[in-house]
Amino acid sequence: MDANAASGINHPGMRGAVREIAAGQIFSKVIPPEVKIGTGKLVSCQGETSSQIDLILYSPSILPPWLHDEKNGFFPIESATYIVEVKSKLTTAKLKEALANGASVAALPMVQSDHWGLSNEAGKIVQAVTRNPIGPVKALFAFASDLSGNRESELDRYRKYDPDADTNPIINAICVVGKGYWYHNGGWKFMKPSSEYDEIMSFLGGVTNTIPQILVGKGRPKFGRYLEPEGSSHVAC
């Protein structure tokens, strides 16, 4: 299944489903077994939700999702390693939509996470530090682009609509088939496209290299924060 599978379908909903399935199949070949692929919305322990996200790469071993079926549902923000906006053809309107969805994810609060380690005293397990877990990387993947020629790159266009594009971008990685792969790591880096799809392979390599670091950085968030009644308090007895 490739980009051509989506381009020949007229119904927008069906076309979107096909492109998400195609992209999901690409990711399913390279992600570690503890990471799953879903679609839906991210949710915080306070009940706030993100916009609808095309692909969510998450770890149910960190926090479990609420699924309507095998893949669709609500996913705790703390469990997400990557969110991926998938477009058949990237346009300015689609880019703005991806930015809005990414911003809705960035706005969600996260439960503080415990990081556990071994003490020097008889190997006793101790809580080493409590801090906010690492949030998901926000990526944009497109099978094609409406930009033609070399006068403007996808990064040039992106910079027009994200004021913090060079310091703290909303979207951290952009891969457009036939155009290239851009990612932000202290500054933007670029992999040019090739007939062998080096841009896709580099994008997938970045995902697989980053996920283990993200999983470690997430620690062990407390799922009880999602279960406790709102405004509940504990008193001595």
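## Basis of the model

Residues are numbered from 1 along each chain as its sequence is written, and side-chain values use heavy atoms, with hydrogens and water left out. Because the model is predicted, local features need pLDDT of at least 70 and side-chain atom pairs count only at pLDDT 80 or more, whereas totals for chains, interfaces and linings use all residues.

## Overall make-up

The chain holds six helices and twelve strands, where helices (H or I, at least four residues) and strands (E, at least two) are DSSP runs numbered from the N terminus. Of its 237 residues, 43% are buried, a word used here for under 20% relative accessible area, with exposed meaning over 50% and partly exposed the range in between (1.4 Å probe, protein chains only). Among contacts with a separation of 6 or more, 60% are made by residues 24 or more positions apart, a contact being heavy atoms within 4.5 Å.

## The sheet

Nine strands form an open sheet of mixed pairing, in the order β3-β4-β1-β2-β5-β8-β9-β10-β11; two strands pair if DSSP finds at least two bridges between them. At the edges stand β3 (66-67) and β11 (188-191), each with a single partner strand, so one side of each has no neighbour in the sheet.

Strand β2 (residues 53-58) has six of its six residues buried, so it is largely enclosed by the rest of the structure. On one side, β2 runs antiparallel to β1 (residues 36-43) over four bridges, with glycine 40 opposite isoleucine 53 in β2. Four bridges also join β2 to β5 (residues 80-87), again antiparallel, and here tyrosine 58 stands opposite alanine 80 in β5.

Strand β5 is likewise largely enclosed by the rest of the structure, because eight of its eight residues are buried. With β8, β5 pairs in the parallel sense over six bridges, and glutamate 85 stands opposite leucine 140 in β8. Strand β8 is also joined by four bridges to β9 (residues 173-176), running parallel, where the bridge partner of leucine 140 is isoleucine 174.

## Helices on the sheet

Helix α3 (residues 92-106) lies across β1, β2, β5 and β8 and runs at about 160° to β5; axes are lines fitted to C-alpha atoms, for helices over the stretch in contact, and angles run from 0 to 180 degrees between N-to-C directions. Helix α5 also packs on the sheet, touching β2, β5, β8, β9, β10 and β11, and its direction makes about 150° with that of β5.

## The largest pocket

The largest pocket contains about 370 Å³ of space. On a 1 Å grid over the protein atoms alone, a pocket is an open set of points where a 1.4 Å probe fits, with protein on both sides within 12 Å along at least five of seven lines, and lining residues have an atom within 4 Å of a point. Grid points are joined across faces, edges and corners, and the volume is the space filled by probe spheres set on the points.

Its lining has 18 residues, of which Tyr82, Val137, Tyr183, His184 and Thr210 lie nearest the centre. Strands β8 (137-142) and β10 (180-184) and helix α5 (198-218) each supply at least two lining residues, and α5 gives the most, with seven. By class, the lining has eight nonpolar, nine polar and one charged residues, where Ala, Val, Leu, Ile, Met, Phe, Trp, Tyr, Cys and Pro count as nonpolar, Asp, Glu, Lys and Arg as charged, and the others, Gly among them, as polar.
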